[in-house]
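Keep the structure in view while reading.

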Amino acid sequence: MTVDQYVNEARERLLEELFDFLRIPSVSTDPARNDDTRRAADFVAAALERAGLEATVHPTAKHPVVTAVGPRVPGAPTVLIYGHYDVQPADPIDLWTGDPFEPTIEDGVIVARGASDDKGQVYCHVKGVEALMAVDGALPVNLKFLIEGEEEIGSPHLPAFLEANREDLAADVVVISDGAMVAHGTPTITYGLKGLAYVSVRVSGAGRDLHSGAYGGGVPNVLNALAEMIASLHDGQGRVTVPGFYDDVLDLDDDERAQIAKAPFSEAEFRRDAGVRATPGEAGYTLLERLWARPTLDVNGVSGGFQGAGSKTVIAAHGMAKLSSRLVPNQDPHDIAEKLEAHLRAVAPAGIEVSVHVEALGHPAMTPLDSPPMRAAAEALRMVWERDPVFARSGGSIPVVADFQRILGADPVMVGLGLENDRIHSPNEKFDVVNYLNGVRVSAELLRSLARA
Ligand SMILES: [Zn+2]
């Protein structure tokens with residue numbers, strides 16, 4: 001029997017089981033659902049046991065983490081599969097066509113909260129393992145699972161869990177299916193995520209607001225100063241002027257530029273979607289290169305001085321701005337926050353006091369395109385979808401992915417099994433039946449191809 005035949009024969013049962021999983025309202029943000037998140041963790045553990053692994057449910061300060069381990073396969077690589085069993089709240093409930101926790105199938109589409117994000121994609125892997133066990137009688141790799149219950153609330157306990165279980169979870173590759181293909185029937189591998197350095201800067205001048213007639217022209221104006229400081233962050237070519245900002249940036253090589261140029265992307269559609277008339281940015285790079293592979297620095301908010309109706313003639317005592325930088329490999333968020341602070345202090349006009357507070361930091365993550373796990377993932381997707389996968393980077397940040405790389409030494413392979421239009425986090429979330437069943441096939445083929453890589 002082949003994996004394909006197994007999936008075809010088991011089709012109804014694979015759907016039934018996923019439906020049972022989707023019926024558990026494991027909303028991680030809602031304390032009233034704590035029993036349900038616990039139930040979902042137990043459900044995942046039981047499903048992994050049935051697939052032939054040894055599963056454990058680990059309590060945390062909030063929702064449990066489920067881990068599982070397969071039989072030892074000497075000489076084979078170790079693969080960790082990551083996903084999450086928690087879901088977003090279903091609100092607003094009245095915009096759903098049915099009960100969000102009573103899955104339905106219509107026109108080949110499963111509708112339920114969590115169908116795509118991430119229960120459906122997690123279940124693809126659980127059933128992929130089951131299929132391999134049934135067809136081959138064994139697994140080709142040392143397999144581990146890590147399915148958490150706090151992804152939708154920012155994974156607060158996961159980094160500490162990884163640190164504490166570093167040895168047990170160590171892996172060569174971590175497979176993450178918590179995303180989307182760029183288009184229906186177009187298998188996609190995401191190989192890069194941006195990091196983040198977010199700071200607040202506060203500028204102070206006089207000890208109090210001053211009359212702009214009596215003092216204007218004779219004292220520092222903090223808001224003029226703040227505007228000058230912000231304006232100094234970029235040059236006329238859209239480049240960031242913070243000294244050392246680009247020092248550690250991994251430059252795009254010709255191969256990657258060619259790959260990016262081939263990605264299905266329409267600038268016109270991008271403009272329409274964003275509601276913008278121009279797409280300014282760093283000179284010398286295409287729009288998609290800037291979005292995916294170049295670091296950026298943006299002002300997120302500015303405040304200070306008189307904000308009321310009418311006119312008040314005043315020189316403000318304080319001003320504040322929030323700045324965020326999206327980072328690319330191999331920039332370090334701590335280093336960039338420090339360089340940003342040094343630059344702001346250096347350019348502050350005389351008499352302006354500057355204080356910088358770091359709000360958030362996240363490491364970028366990337367797996368080289370020509371690495372064995374990437375080639376293995378491409379091979380598995382090609383086999384199932386019968387076409388070449390698209391390689392994509394993302395402007396977004398998922399800090400846990402960098403944590404896997406940093407703490408466990410595992411190269412991330414991000415294979416999204418859903419679609420961009422799956423309405424995740426929204427009413428009527430969906431997952432196409434074909435994506436579910438092909439996801440099971442992809443999971444099985446991926447473990448086989450990783451074993452060969
Ligand atoms: Zn998710």
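## Domains, strands and helices

In this predicted model, the protein chain is divided into domain 1 (3–193 + 364–452), domain 2 (195–246 + 295–362) and domain 3 (250–273 + 282–294). Between the C-alpha centres of domain 1 and domain 2 the distance is 41 Å. Seven residues from domain 1 and eight residues from domain 2 make the contact. On the side of domain 1 that touches domain 2, four residues are nonpolar, three are polar and none is charged.

Next come the strands. In general, strands of a sheet pair through backbone hydrogen bonds, and the pairing is either parallel or antiparallel.

| Strand | Partner strand | Bridges |
|---|---|---|
| Strand 5 (residues 109–111) | Strand 20 | three bridges |
| Strand 10 (residues 195–204) | Strand 14 (residues 318–327) | ten bridges |
| Strand 10 | Strand 15 (residues 353–362) | nine bridges |

Individual residues show how these pairs line up. Val 109 has Asp 432 in strand 20 as its bridge partner. Val 199 stands opposite Leu 323 in strand 14, and Ser 204 stands opposite Glu 353 in strand 15.

Helix 13 also meets another helix. Two packed helices are described by the angle between their axes and the distance between the axes. How do the axes of helix 3 and helix 13 cross? The axes of helix 3 (residues 119–136) and helix 13 come within 7 Å, and the crossing angle is roughly 55°. Helix 3 is therefore oblique to helix 13. The crossing of helix 3 past helix 13 is right-handed. Helix 3 contributes residues including Gly 120, Cys 124, Gly 128 and Ala 131 to the contact, while those of helix 13 include Tyr 436, Gly 439, Val 440 and Ala 444. Sorted by class, the contact of helix 3 with helix 13 has seven nonpolar, six polar and one charged residues.

Conventions. Residues are numbered from 1 along each chain as its sequence is written. This is a predicted model: local features need pLDDT of at least 70, side-chain atom pairs count only at pLDDT 80 or more; totals for chains, interfaces and linings use all residues. Two strands pair if DSSP finds at least two bridges between them. Helices (H or I, at least four residues) and strands (E, at least two) are DSSP runs, numbered from the N terminus. Axes are lines fitted to C-alpha atoms, for helices over the stretch in contact, and angles run from 0 to 180 degrees between N-to-C directions. Angles under 35 degrees count as roughly parallel, over 145 as roughly antiparallel, 65 to 115 as roughly perpendicular and the rest as oblique. A crossing is left-handed if the near helix is turned anticlockwise from the far one by less than a right angle, and right-handed if clockwise. Two residues are in contact if their C-beta atoms, placed from the backbone, lie within 7 Å. Ala, Val, Leu, Ile, Met, Phe, Trp, Tyr, Cys and Pro count as nonpolar, Asp, Glu, Lys and Arg as charged, and the others, Gly among them, as polar. Domain bounds come from an automatic or database domain assignment.
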